[in-house]
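I open this notebook to record what I looked up, entry by entry. The model is displayed below.

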Amino acid sequence: MVRFFPNPYEDYQPGSTLIKQDTVIKNIEEHVAVITKRLQPSQRSVDGGLYVGVTGVSYMFYCLAKNPILSDKKSYFIEKSLEYLQPALECSAGDKTSFLLGDAGTYALATVIRKEAGNDLFQESLKQYKSLYSLYLSPKFLKCGGDEFFVGRAGYLAGSLWISRELKTPIFTNEELYKICDIMFQSGKDYSKSHKSPCPLMYHYYNTEYLGAAHGISFILQMLLTVPGYVDYNKAAAQDIKSTVDFIASLQTPEGNWPCCMEEIGMSDHKLVHWCHGAPGTVYLMAKAFLMYKDQKYLNACKKAAEVVWQKGLLRKGPGICHGVAGNGMVFLLLYRLTGDDKYLHRAKSFADFMNTDEFLRDARLPDNPESLYEGTAGTVCYLSDILIPDKAEFPFQDVFSTYTF
């Protein structure tokens, strides 16, 4: 089965037109109209949290509210953001400590949006977010694997850093963040030792050693590199983190992809070119490593990843950011920010254009949650919004450029 559409576009020619703002804005407006019509802010749609619930649509509206090019509609976007958040504040999304699937993500978003709206209740939301902190300190937190992004410690760290950045003030002391990092580090070290892994740190999620961004080691390592000053604070960890990053870098295939999990190393073909599994998610770890260590090999890994995405990234799975065209297009916006090369902006625009073609609209699969942030068109809207401001583009909660010092 072919997982992607053949790429019909010519690569960048110097001097070709890049972004037509009016066209992108019209596209955003069309998507938003469909999303608000088809997905009402109700408690029936809370399950799935930021990932596929109404909370993700709330995030989309916040993303639009922060875009300076759309500032004439800012108050409307904030109002809609609060409206879509409300059902999640009224009933639990399930798992309290899960950032992407549960209440932790709701509290994070509520803190930031309420503050933006001038609502003093943001303090209450922040208190709820911070009240979860001690739960992550238990070494036995989540038997299924408590370190990854969706439900684990890395997600909570990502949320904490995001809130701090948006509020422009730290919500935890560095020492508090380092405690979580230390537990993540020790967890990876213990697991690696007991499973005789070929690198100093390794993690599992439901007994699979994933490498990608969704449930895997690449996002965990990215968070350990991103928490301000952690690698200076814990020198022993710093060495093992760097060695493990280098191990992950060494697994990149000649065409630029990564295996989905450790069990797939050595297989002849790695078919998944998704943010969740494969180059489009692992590229953020390589980008963070490049910005941190200034070693060209990491930038080369990013460029190779962008090549496989250009060749095989127009996914039949749909428009989403987790395993769809928008998430893959975000790789080019990352590379544009890393290199300033207009080629990547052209590629990002091409992926956006493709989602409007008859071929895509006719033959792409409809996701289970077609309006959602990670599977559906809410994520596409965030992507289109970023195309308008490529110098600030970022994958949700995965900013590699901020230093998070205030």
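**Entry 1: helix 5.** I looked up helix 5, residues 103-116, and found 14 residues reaching 20 Å from the first C-alpha to the last. That is close to the expected 20 Å at 1.5 Å a residue, where the expected span is 1.5 Å times one less than the number of residues. Helices here are DSSP runs (H or I, at least four residues) and strands likewise (E, at least two), numbered from the N terminus. The model is predicted, so local features need pLDDT of at least 70 and side-chain atom pairs count only at pLDDT 80 or more, while totals for chains, interfaces and linings use all residues. Residues are numbered from 1 along each chain as its sequence is written, and side-chain values use heavy atoms, with hydrogens and water left out.

I then checked the cover of helix 5: 12 of its 14 residues are buried. Buried means under 20% relative accessible area, exposed over 50%, and partly exposed in between (1.4 Å probe, protein chains only). The buried residues run through D103, A104, G105, T106, Y107, A108, L109, A110, T111, V112, I113 and R114. They pack against helix 2 (49-52), helix 3 (54-65), helix 4 (74-90), helix 6 (122-131) and helix 7 (153-167); contact means heavy atoms within 4.5 Å. After helix 5 I noted G118, whose phi is positive, near 75°.

**Entry 2: S164.** One of the helices packed against helix 5 is helix 7, and S164 lies in helix 7. S164 has a relative accessible area of 7% and is therefore buried. Leaving aside neighbours within four places in sequence, I find S164 in contact with T169, P170, I171 and F406.

**Entry 3: the annotated site.** Which residues does UniProt place under "binding site"? The unreviewed entry lists C276, C322 and H323. They span 48 residues in sequence, yet no two of their C-alpha atoms are more than 6.4 Å apart, so they gather at one spot. UniProt positions are given in the numbering used here, feature names are shortened, and annotations may be inferred rather than shown by experiment.

I located C276 in the loop between helix 11 (235-250) and helix 12 (279-293). At 6% relative accessibility, C276 counts as buried. Not counting residues up to four places away in sequence, C276 touches G212, A213, A214, C322 and H323. C322 sits in the loop between helix 13 (296-312) and helix 14 (325-339), and is buried at a relative accessible area of 2%. With the sequence neighbours up to four places away not counted, C322 touches Y51, H274, W275, C276 and Y374.

**Entry 4: the nonpolar core.** Of its 151 residues, Y129, F149, I241, W275, M286, Y374 and Y383 touch the most other members. Helix 14 gives the largest share, 10 residues. For Y383, the contacts beyond four places in sequence are A326, G329, M330, L333, A348, K349, F351, A352 and M355.

**Entry 5: the whole protein.** I counted 17 helices and zero strands. The radius of gyration is 20 Å, close to the 22 Å of the globule rule for 406 residues, so the protein is as compact as a globular protein of that length. The radius is taken over C-alpha atoms, and the rule is 2.2 Å times the number of residues to the power 0.38. Of the 406 residues, 61% count as buried. Among contacts between residues at least 6 apart in sequence, 70% join residues at least 24 apart.

Notes:
Core = buried A, V, L, I, M, F, W, Y, C linked by side-chain atoms within 4.5 Å.
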